[in-house]
Amino acid sequence: MRLPGHPHIAYRGDRLHIDDLALDDLGSRFGTPLYAYSRRAMLDALAGYQRALAGRDHLICYAMKANSNLAVLQTFAQAGCGFDIVSGGEFERVLAAGGDPAKVVFSGVGKTRAEMAQALAAGVGCFNVESESELELLSEVAAAAGRPAGISLRVNPDVDARTHPYISTGLKDNKFGIAHDAALAAYRRAASLPGIEVLGIDCHIGSQITAAEPYLDALDRVLDLVEAVESAGIPLHHLDLGGGLGITYTDEQPPAAEALVGAMLGRIDARGHGHRRILLEPGRSLVGNAGVLLAEVLYLKRGGEKAFCIVDAAMNDLMRPAMYEAWMGIVACRLRDQAPQEMDVVGPVCESGDWLGRARSLAVQPGDRLAVLSAGAYGMSMASNYNTRGRAAEVLVDGDACWLIRDRETPADQFRGEHLVPR
Ligand code: LLP
């Protein structure tokens, strides 16, 4: 039995599998909470983008904030990807995973002087600059380092991505990017500054976008700017169109990556910009539905009107429900011949906001395992140690092979670096 939107996660008989491995077996072998990812699912998702871009000068920069495990980065690096990063720490991960620094774009509104210097020294491909003050500082750092900084300006096209307000970034009231009507002046300034080499233009309007229109609206606004900037004598070599394509958590029907990118390229060609290098920064759509979070049912309990299923994974392992009230699919790893009951799936953390799913219909007993679906993106990468809970282990699956790609964190791991005072 297939799960819609999850081609690599399916029931075989009564047991839920990821690729060719039963999730229950992974739980027994590695313990829970456990993140499990299908490498094939990631590469299949990437292939949609690659097909659309075949034959063009392009670079797919995986937005690693979605899932920054080294083995995940290695998978994408080996498949030819670059990376979209937002911190010096993410840059270190790219290098540790064998990624090519020249294929890195550095985004983010708050790059520090030290991060700029580090990225320049390592040969970063491009800074996506988000403000004029950042531009001035970068010029100073690059001039001092004697290495030119390649830049794009991240422009804010002021379009509504029609997604959750916390993950919408392209409206003029967001903190991101340079306002559309200030961008031409900022490009003029960039072209005049020492140490700055203008390479392209960048835009990213939000995340979990499930329609093509906001992308095409933003693209038109960006192309208008490209034309204005080039008329001012500043050539732009690449268009970085950001990430943000949504996935199916429940009944969303986002466009397929291949169709979306195809439509965008059609617009780019129609407006005479087909010669430009295309950069994309997908995150969630490459990894989200490649992964699950496995949890074990600890207790079933009734509280007043409600039934609770208390599991060993919590908001510290997976923040999305608590933070955005996000709906994530939750299914049993083994189907039982018993009537399902409606219950809230909650974790052990001491917060009422610690829930993974509300009013879910499940047929489970203590000791059973559940899989939270679509957890490959913004799951582990947002995990914390709240309640001194060690972060989960992670495994990467490929067919019937699997590798532990992150050890379960111990209490000693957590307080390494803390110190008692002498008195
Ligand atoms: N590029 C930039 C500049 C970004 O800020 C982001 C995501 C991406 C690319 C990748 O977007 P994606 O393709 O993954 O949608 N924690 C939230 C999502 C935050 C997204 C932040 N920026 C969540 O769990 O839904």
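Predicted model: local features only at pLDDT ≥ 70, side-chain atom pairs only at ≥ 80, totals over all residues.
**Exercise 1. The ligand's surroundings**

Find how many residues surround the ligand, and sort the shell by class.

*Solution.* 
- Start with the count: 18 residues surround the ligand.
- Pick out the closest: Ser207, Glu281, Arg284, Arg320 and Tyr378.
- Sort the shell by class: 6 residues are nonpolar, 6 are polar and 6 are charged.
- Now turn to the domains. Domain 1 (2–38 + 288–415) and domain 2 (107–282) each give at least three residues to the shell.

**Exercise 2. Polar contacts and burial**

Which atoms of glycine 244, glutamate 281 and tyrosine 324 lie within 3.5 Å of a ligand N or O atom? Then state how much of the ligand the protein buries.

*Solution.* 
- Take glycine 244. Its backbone supplies an N or O atom, 2.8 Å from a ligand oxygen.
- Take glutamate 281. Here a side-chain N or O atom sits 2.6 Å from a nitrogen of the ligand.
- Take tyrosine 324. A polar atom of its side chain is 2.8 Å from a ligand nitrogen.
- Finish with the area. The ligand taken alone exposes 590 Å², and the protein buries 92% of that.

**Exercise 3. Glycine 233**

Where is glycine 233 placed, and is glycine 233 buried or exposed?

*Solution.* 
- Locate the residue: glycine 233 is in the loop that runs between helix H8 (213–231) and strand S13 (238–240).
- Apply the cut-off: exposed means over 50% relative accessible area.
- Glycine 233 has 58% relative accessibility, so it counts as exposed.
- Threonine 210 is 23 residues from glycine 233 in sequence, and their C-alpha atoms are 37 Å apart.

Terms used
Residues numbered from 1 in each chain as written. Heavy atoms only, no water. Near = heavy atom within 4 Å. Polar contact = N/O pair within 3.5 Å; in protein donor to acceptor, adjacent residues only side chain to side chain. Areas by Shrake-Rupley, 256 points an atom, 1.4 Å probe, with all protein chains shown as cover. Nonpolar A, V, L, I, M, F, W, Y, C, P; charged D, E, K, R; others polar. Domains from an automatic or database assignment. Helix = DSSP H or I, 4+ residues; strand = E, 2+ residues; numbered from the N terminus. Buried < 20%, exposed > 50% of the residue type's maximum accessible area, 1.4 Å probe, protein only.
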